[in-house]
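Look at the model first, then read on.

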Amino acid sequence: MRGEGTGRAHAKVILLGEHAVVYGVPAIATALSQLTVTTCVTRLPAGEPGEITFTPAATMPPVAEETVTSLRNLVVQFKKVTGVDDRAALALRMDSMIPPGRGLGSSAACARSVVLALADLFDVDLDAETVFDLVQYAETAAHGKSSGVDAFATGSDGLIGYVSGVAHELICGFDGVFVVADSGASGRTKDAIEHVQRMFRADPAVETEFMQRVRDLTDAGVASLTEGHPSVFGAQLSANHDVLRGIGLSTDHIEALVAAACRAGALGAKISGGGLGGCLVALAGDPDAAATVAAALRAAGAVDTWFIPVGRFADV
């Protein structure tokens with residue numbers, strides 16, 4: 001048993017399928033690997049038995065008490081699932097670059113980093129399924145209902161297709177750059193999920209149309225992505241945005257950013273994640289076009305931008 005364990009995870013971006021994926025509809029997501037979270041877990045022999053302290057890095061935004069409680073509960077669940085019998089006090093120190101409330105998988109990435117740090121500390125060999133189940137435990141506590149796509153994507157190497165607990169790697173058939181922009185406004189995933197549920201309860205026909213439209217777009221999106229049709233995939237991004245806007249998940253600020261990206265030459269753009277704030281993602285044809293789109297997004301009020309190159313640009 002080590003004195004300290006370390007675990008890391010990264011952000012993710014949903015390209016197609018958010019919200020519908022909670023109901024078993026396929027989704028496409030990708031890693032945003034430059035935004036990471038690292039957790040170190042240390043045994044404290046002098047601490048109270050079973051005590052779990054949590055210390056965020058000074059550079060992190062304030063962490064909600066409910067999040068701290070969730071991570072402490074995750075430690076307990078880890079021990080229960082793995083059979084670790086150790087009552088030593090533990091200190092969790094976390095450093096995250098992922099802005100919370102932006103649809104980038106911050107809560108799942110934090111949970112994954114804790115799970116991997118505990119496995120490192122206690123020298124436990126976890127298979128992918130157990131890691132997923134533990135992250136899902138934390139995600140369900142945080143959001144009430146979770147599709148599981150974040151639990152997978154925050155540990156993936158790149159693009160994945162995901163449906164009903166099963167993920168598979170996707171190979172992009174075109175060259176391009178996804179531009180991710182932070183609107184600067186938080187949007188709580190739980191609030192967005194509850195908003196969608198209210199919409200569906202009020203009119204079941206809205207749910208039926210939404211699910212079918214997103215399913216069709218995602219299925220077609222897998223084909224255009226893997227077969228190498230960037231303009232088609234960009235149009236599918238924009239079409240998915242229209243569907244999400246139609247059930248009230250966009251905002252005036254997000255709409256202005258999407259419009260700015262498209263005016264700057266993006267092949268398509270959409271809100272990404274839970275909605276009601278957060279981030280958007282746009283597709284550009286090459287790095288120069290991506291830089292132009294990013295500059296336009298910042299001029300329109302985005303507080304930060306990141307790039308996800310695909311195809312031959314991913315190797316540059």
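Q: What makes the largest nonpolar core a core, and which residues have the most contacts inside it?
A: This is a predicted model, where local features need pLDDT of at least 70, side-chain atom pairs count only at pLDDT 80 or more, and totals for chains, interfaces and linings use all residues. Residues are numbered from 1 along each chain as its sequence is written, and side-chain values use heavy atoms, without hydrogens and water. A nonpolar core is a set of buried Ala, Val, Leu, Ile, Met, Phe, Trp, Tyr and Cys residues joined through side-chain atoms within 4.5 Å. Buried means under 20% relative accessible area (1.4 Å probe, protein chains only). The largest such set has 66 residues, and Leu 15, Phe 78, Leu 104, Phe 178 and Phe 233 have the most contacts inside it. Helix H2 (residues 106–122) gives the most, 11 residues. A helix here is a DSSP run of H or I, at least four residues; a strand is a run of E, at least two.

Q: Which residues does Phe 78 touch?
A: Contact means heavy atoms within 4.5 Å. Leaving out residues up to four places away in sequence, Phe 78 touches Val 84, Val 115, Leu 118, Ala 119, Phe 122, Val 124, Leu 126 and Leu 134.

Q: How many residues of the lining of the second largest pocket are nonpolar, polar and charged?
A: Ala, Val, Leu, Ile, Met, Phe, Trp, Tyr, Cys and Pro count as nonpolar, Asp, Glu, Lys and Arg as charged, and the others as polar. By that rule, the lining divides into 13 nonpolar, seven polar and two charged residues. Strands E2 (27–44), E5 (159–163), E6 (166–169) and E10 (304–310) each supply at least two residues of this lining.

How values were computed
Buried means under 20% relative accessible area, exposed over 50%, partly exposed in between (1.4 Å probe, protein chains only).
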